[in-house]
Amino acid sequence: MPVKHNERKIGVMGFFAMWVGMAILLATFDIGASGIQNISLLWVVIATLVGCLLIGGIISIIGDIGVEHGISFPVYMRAPFGTVGTHIPSVTRAVTASFWFGLNTYFGSTAINAILNIMFPGFDNWLLCYVVFALFQLINTASGIKWIERFADLAAPIIVVISLIMYSTLTAEVKAQGEEVWAWVASPVTGSAAVTAFMVVIFANMGFWATLGCDIPTISRHFKAPKYERNWFKRNKTTVVGSLIAMPLTEAFMIMIGAAAFMVAGTSNPVTALQETASGWMLATLLFMIVLTQWSTNTAANVLPAAAVFSNVLGPKVSHGVAVFVAGIVGTIIQPWSVFEILTQVLLIIGAVLSAVSGILFADYYLLRKRRINVPDLYRNSGQYRFNGGINMVGFISWAIGGVIATFFMTYSFIVGFVIAAVLYYVLTKYWYIKKFPQAEIIDPDDDKYLGITVGRDWVIDEELEKDEVVAK
C-alpha cells in the first residue's frame, strides 16, 4: 500500500549512509580491476564518476514516483505493463536483485570464513558462514526499512575508516613492488581502443545500478519530503544528495581499491589481495569491512526491492517478511558466484535489459502522465490499468525492442535501451493505445485529483476501493 507522509522515516543523511554501504561490493571492485587492463586508474576513476552521475540522475528522476505517490516499483509498473503484465518485468528485476543477494552473501561469507580462520586456525567452512550471514541479513530486512537505515547509520562511518586503511595497505604494497598506482596499466591501449575502454567503464557502472534505476520507488517512498512542495529538487533532495554525491564518491573510491587489489594479487577480490598483504587482527579488521558492506548493500538495494516484487506477485496473503525469505532462497538457488569471472559482461547485459524498463518508466511517468497517477485504479482489477486482459501491449513491445537492440550495442547498452524504449513507448501510447484504453489522468491532468504529496495528499486505498477487488498488497 502507499506509504503515508507521517510514515516516511528516511532523511538525507539516512539515504547518504545507505549509499555508502550499497556502493561497496564485489562488482565495484571488479570494474576497477577490469578498467586498468587497458587504461590508467585516473581515467577509470573519471569514467566511474561520469557513469555514476548519469545513472544517479536517472535514479533521482525515477525516484520521484515513490516520493510523490508513496507507491512501490511493482505497483507503479501496472500503469505501463498492466495489472497482470507487471509481474513479468518485476520478477525479472526481483531475480536480478536475488542474484546480487546471493553473490554478495557469498563474497561476505568468504570474508567471515577468513576471519574465523584467523581466530580459530584450521576453520574452513564458507557454506556455514553463508547460511548464518544470509539469515542475519534477511532478519534485518524483514524487520522493516527503519532497521535497514539504522544498520546503515552504524556501518557507514566504520566502512569509511576501514576502507581508507584498506586502500592505504594495498597501495603501500603496490609501491613496495616498485609500481606506481596511478600509472599502472596491464596492457595499455591508445586511440579508439582507449575510448572504447573508457566507455565500457562508464556503462558498466550504469549497468550495475540499472537495477536500482528501475525500482528506486520501492525505497524512495520511505523518504521524508515536504508537503505542498512544487520545486522538484526540494521535494527530491534526499534522493538527489544520495545518488549524485554519496554514490559517485563512494563508488569511485571502491574502484580504486579494486584496481589496487588487482595490482597486488592479480585479482579484483580484495579478500584474496588482503590475505597477501596483511595478517592477524589487521587482516580481520579489513575483512570485517567487507562483511559490513555486503550486508548494507543487500538489505537496501537487493532484498528489499525483491521482497516487494515477490509480495506483489504471490498475493496479499504473502507478508513482507515471508517475501524477504523468498528472495533469499531464490538468490541462493541461482548460485550466482559461478559467473564471477564474467561479471562485467553480465553487468552490461543486465543494463541492456533493464535500461529499457527505466526508459519506459520515464516516458510513462513524465512525458505522458506528467507525474499524475490514478493511484486507486492501480489497486483495482477492473480499473483503467487492466488494458487488454491485464496486459499493456505497448509496454512489452517497447521493452522487447529496446532491450534486444541494446544487446547489440553492449558498450553503450544502457543509453541505447533507455532511449529506444522511451521513444517507442511514448509514440505507441500517445498515438495508438491511449485511444483504445483512455487514461483518466492524461485526459484530465488535474493536480488535485492525481498528484500526491505535491498537493498534500496521502493516498488511502482502503477507503477509495469500496468493494472492488485489490490486485495485490
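Colleague: What volume does the largest pocket have?

Modeller: About 560 Å³, where volume is the space filled by probe spheres set on grid points joined across faces, edges and corners. Keep in mind that this is a predicted model, in which local features need pLDDT of at least 70, side-chain atom pairs count only at pLDDT 80 or more, and totals for chains, interfaces and linings use all residues. Residues are numbered from 1 along each chain as its sequence is written, and side-chain values use heavy atoms, with hydrogens and water left out.

Colleague: Why is Leu-424 called partly exposed?

Modeller: Its relative accessibility is 25%. Buried means under 20% relative accessible area and exposed over 50%, with partly exposed in between (1.4 Å probe, protein chains only), so Leu-424 counts as partly exposed.

Colleague: What does Leu-424 touch, leaving out residues up to four places away in sequence?

Modeller: Ser-398 and Ile-401, where contact means heavy atoms within 4.5 Å.

Colleague: Which residues of α8 and α12 meet?

Modeller: Among them are Leu-164 and Tyr-167 in α8, and Phe-253 and Ile-257 in α12. By class, that contact has 13 nonpolar, two polar and one charged residues.

Colleague: How is the crossing of α8 and α12 handed?

Modeller: Left-handed. That term applies if the near helix is turned anticlockwise from the far one by less than a right angle, while clockwise makes a crossing right-handed. The two helices pack at an angle of about 35 degrees.

Definitions and conventions. On a 1 Å grid over the protein atoms alone, a cavity is a set of points where a 1.4 Å probe fits but cannot get out, and a pocket is an open set with protein on both sides within 12 Å along at least five of seven lines; lining residues have an atom within 4 Å of a point. Axes are lines fitted to C-alpha atoms, for helices over the stretch in contact, and angles run from 0 to 180 degrees between N-to-C directions. Helices (H or I, at least four residues) and strands (E, at least two) are DSSP runs, numbered from the N terminus. Ala, Val, Leu, Ile, Met, Phe, Trp, Tyr, Cys and Pro count as nonpolar, Asp, Glu, Lys and Arg as charged, and the others, Gly among them, as polar.
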